[in-house]
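Subject: Structure handover and notes

Dear colleague,

I am passing on the structure we spoke about, followed by notes on what was found in it. Please read the notes with the structure open beside them.

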Amino acid sequence: MYTERISDALREAASGWGVDDVRFRLDRPKEASHGDLASNIALALAARLKRPPRDIAGDLARRLAGIAGVERIEVAGPGFLNFFLEAGAVGGVLHRIVTAGSGYGRNEDGAGRRIMVEFVSANPTGPLHLGHGRQAALGDVIARLLDWSGWDVHREFYFNDAGRQISRLAESVRARYRQLLGHDDPVPEGGYHGEYVVEIAGAFLEREGDRYENDGDEAALEAMRSFAVGVLRDEQKRDLAGFKVHFDEYYSERSLYSDGRVKVTIEALDATGLTYHRDGALWLRTTRFGDQKDRVMVKRDGSPTYFLPDVAYHMNKWERGFHEVVNVQGSDHHGTVDRVRAGLQALGRPAGYPEYVLHQMVTVERGGEEVRFSKRAGSYTTLGELSAEVGADVARYFFLMRRPEAHLTFDLDLALDESDKNPVYKVKYAHARLCRLEKLARERGWDVPDESSAPRADASLLRASAERELTKQLGEFPGFLRRAASGRTPHVVCDYLERTAGLVNSWYQSGHPTRNPGLAALVEDAGLRDARLTLALAARTVLHNGLAVLGIEAPERMVRDE
RNA sequence: GCGCCCGUAGCUCAGCUGGAUAGAGCAUCGGCCUUCUAAGCCGAGGGUCCCAGGUUCGAGUCCUGGCGGGCGUGCCA
C-alpha cells in the first residue's frame with residue numbers, strides 16, 4: 001500500500017540522517033489542496049537536525065520523487081510534505097477491500113491471546129435500566145472490536161446473588177406476598193418498591209400457594225430469594241437477548257463463598273503480612289499500592305467486606321488464564337478500582353490488572369425534559385422497554401456514539417424518530433442504496449463485479465473528487481477499527497461510519513443520472529461502470545463490516561413505514 | 001478537604017501519538033426529485049475551544065493555578 005511505502009521511505013531517509021526514532025504523522029489532510037497525504041516529518045526532524053524544516057522537506061521531496069504511485073510532492077507552509085497520488089495508486093485499495101470482503105478491517109494485534117470482557121454484571125434485584133444498556137452496548141462492542149483485532153474473547157457477567165441487597169429483595173417479596181394475602185405488611189426500609197416485585201410475589205403465590213403466609217423463618221425467605229433471583233435473571237437475559245447481547249458465562253458471587261475462594265483469599269492476603277487488626281476489624285494496607293486509605297477486609301462481625309469477593313473473583317479470572325481483563329462499569333464504581341487492584345497487587349498480580357472502562361451515567365430526555373428514573377422508587381425506563389420501543393439497533397447505536405467517559409443524554413424523541421434525523425438510518429440507508437445500485441445493474445443485464453471479478457476493474461478510472469475522497473476514506477477503515485479496539489472506544493466506529501455514509505451519499509448524488517450523467521455509476525461504458533460498481537461494492541463492504549462490529553444490521557433495502 | 005471524570009457552535013457531541021483556515025448531527029435560512037430510494041445532496045449563517053499563566057516553530061490537545069458540573073471518598077453493595 002502506498003501509505004506504508006511512503007512512510008517506510010520517510011523513516012529510511014530520517015535513519016540516513018542518523019535519526020531512528022522520529023515520530024511523525026502521515027495522514028489525509030482536511031484540505032484537498034494539501035494533497036492526498038501529508039506529513040509533518042520535516043517539522044519533527046528540524047530540532048534534531050538543527051536545520052530549517054523547509055530545507056529538510058525539500059531534500060525529502062527530491063529524494064522520494066520517483067516513488068511508485070506518487071505523482072508529485074509539494075513542500076508547503078512551515079515545512080509540510082504534501083503527496084499527490086496517481087489515481088491507480090489510490091484505487092488499488094478497492095481491490096484489497098473486495099478481496100478481503102467480510103474480513104476487511106480485521107487485524108492480528110491480539111495474536112489469538114485470551115481476553116475477558118466483563119460487563120453489565122447487574123444485581124438480580126430488578127430489571128436492567130438504561131445505564132445497563134449503555135454498559136451492555138459498550139461491553140459487547142468492545143468484545144467485538146477485540147475479536148476483530150485477533151483476540152480470543154470471553155464475555156462474562158458477574159451477578160451478585162449474595163449480600164444485603166438480595167436479602168432486601170427477598171424481604172420485599174415477602175411483604176408483597178403477605179399483602180396479596182390480605183395483610184398490611186409494609187415494604188421494608190431500603191427495600192424494593194417496584195411494581196415488578198408485586199408481580200414476582202404474585203407468581204410465587206400462584207406457584208406455592210399460601211403455605212408461607214405465616215412462615216417468617218429463613219427457609220421461607222430463602223425460597224422467595226431464589227425464586228425472585230431466578231425470575232429477575234431470566235428477565236435480564238431476555239432483555240439482553242433482545243438487545244443482541246450474549247454472554248459466554250454467568251459467574252455467581254455466591255459461588256465464591258460456597259467454594260471457599262473468599263476464605264482462601266483472606267488467608268492469602270493475611271499471609272502477605274500486609275494486614276493488621278484495628279478496632280476489632282482486619283485491615284489491608286492498600287495504601288501501599290496507591291489507594292487513598294487502608295481498607296477493612298474483614299468486619300468486626302467477622303464477615304468480609306464487599307471488595308474481598310471482588311479480589312477473589314479476579315484471582316479466579318487470572319487462574320482461568322485471563323491475564324488480560326477489561327471490566328466495563330459505571331463511573332460510580334471508580335472508588336473501588338484502586339482497592340481491588342491493591343488487593344490483587346498484594347497477591348502478586350501486576351499493577352494494571354484488571355483494566356477498567358468506566359462510563360458516565362445516562363440521562364433520558366423526552367420532549368426536551370429529563371425523565372427521572374429510580375430503581376428503588378419503582379419508576380422505570382428499562383432496557384427491555386427501550387429495545388421494544390426504538391429497536392435494538394437504534395438503541396445500541398445511541399449508547400455507543402459518545403465516548404465512554406462523556407455523559408450521555410439519550411434523546412428518546414430522536415431515537416424514536418424514524419425519519420431523517422436519526423444517524424443510524426443515514427448509515428443503513430447508504431448501505432441499502434449501494435445494494436440497490438447493484439440490483440439495478442443486474443436488472444439491466446450487466447455483469448456486476450463481485451469478490452473475484454472486481455479486482456480486474458480499472459480503478460485508475462476513478463478520477464472525480466467524490467470518487468477519490470470516498471476511496472481514501474474506505475482505505476482508512478482498518479486503522480479506525482484498530483484505534484477503536486486499542487482505546488476501547490466504540491464511538492470511533494460510529495464517527496467513522498457517519499462520515500463514510502456522508503461520502504457515499506455525496507458520491508451518489510454527484511452522479512445523479514439527470515443532472516450529471518457523466519458521473520453516474522450505471523453508465524454504458526463497461527470499464528467505467530465496473531470501476532464505479534467496484535467502488536460501490538467496496539463501500540458496501542466497509543459499511544457492512546462497520547455495522548457488524550457494532551452489532552447492527554446492514555439492510556439491503558430500507559422500508560419506510562409511512 | 002482529598003481523588004477520578006467532564007467543560008468545544010443555540011442543543012447533543014467528535015477532534016487519533018501537539019500540526020495548516022476547529023468539525024459533524026440536530027435546530028435556523030436558501031437551493032436541488034421526468035431516469036440509481038429526497039430516510040438524500042449542495043450552500044449560508046452561527047465559536048473568548050470555561051478563565052489565567054507557562055512550554056513550543058506551532059496548543060482545543062501538554063504543564064501549573066483557578067472557576068463550574070458529575071461521581072467517589074462506609075466495618076453499604
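R28 counts as buried, at 17% relative accessibility, where buried means under 20% relative accessible area, exposed over 50% and partly exposed in between, computed with a 1.4 Å probe on protein chains only. R28 forms a salt bridge with E476, and the closest N and O atoms of the two are 2.9 Å apart; a salt bridge here is a side-chain nitrogen of Lys or Arg within 4 Å of a carboxyl oxygen of Asp or Glu. R28 sits in the loop between β1 (26–27) and β2 (37–39) and E476 in the loop between α17 (465–475) and α18 (477–487), so the pair ties together parts that are 448 residues apart in sequence. E476, for its part, is partly exposed, with a relative accessible area of 26%. Helices (H or I, at least four residues) and strands (E, at least two) are DSSP runs, numbered from the N terminus.

Before going further, please keep in mind that this is a predicted model, in which local features need pLDDT of at least 70 and side-chain atom pairs count only at pLDDT 80 or more, while totals for chains, interfaces and linings use all residues. Residues are numbered from 1 along each chain as its sequence is written, chains are lettered from A and ligands numbered from 1 in the order in which they are written, and side-chain values use heavy atoms, with hydrogens and water left out.

On the salt bridges in general, the structure holds 39 of them. In one of these, D59 is paired with R51, with the closest N and O atoms 2.8 Å apart; D59 is partly exposed at 25% relative accessibility, and R51 is partly exposed too, with a relative accessible area of 28%. Another joins R254 to E222, where the closest N and O atoms are 4.0 Å apart. That pair links distant parts of the chain, since R254 belongs to helix α9 (residues 253–258) and E222 to helix α8 (residues 218–242), 32 residues apart. R254 counts as partly exposed at 34% relative accessibility, and E222 is partly exposed with a relative accessible area of 34%. Salt bridges that share partners also join R28, D36, R468, E469, K472 and E476 into one network.

Helix α8 also contains R233, which is buried, with a relative accessible area of 17%. Leaving aside residues up to four places away in sequence, R233 touches P124, F159 and Y250, contact meaning heavy atoms within 4.5 Å.

Turning to the RNA, 64 residues surround RNA strand B, and the closest are R23, R25, K293, Y429 and G511; a residue is near a strand if one of its heavy atoms lies within 4 Å of it. Of the atoms of RNA strand B that come within 4 Å of the protein, sugar and phosphate account for 64%. By class, the surface near RNA strand B has 19 nonpolar, 19 polar and 26 charged residues, with Ala, Val, Leu, Ile, Met, Phe, Trp, Tyr, Cys and Pro counted as nonpolar, Asp, Glu, Lys and Arg as charged, and the others, Gly among them, as polar. Several elements each supply at least two residues of this surface, including β4 (80–85), α12 (334–346) and α19 (491–510), while α16 gives the most, with seven residues.

At H512, a backbone N or O atom lies 3.3 Å from a base nitrogen of RNA strand B.

As for the strands, four of them form an open sheet in the order β1-β2-β4-β3, with antiparallel pairing; two strands pair if DSSP finds at least two bridges between them. β1 and β3 (70–76) stand at the edges, each with a single partner strand, so one side of each is left without a neighbour in the sheet. β1 and β2 pair over two bridges, and the bridge partner of D27 in β2 is A38.

Finally, chain A as a whole has 20 helices and 15 strands, and its C-alpha trace spans about 90 × 65 × 40 Å along its principal axes. Buried residues make up 52% of the 562 residues in chain A.

With best wishes

Methods:
A polar contact is a pair of N or O atoms within 3.5 Å; within protein, one must be able to donate a hydrogen and the other to accept it, and residues adjacent in sequence count only if both atoms are side-chain atoms.
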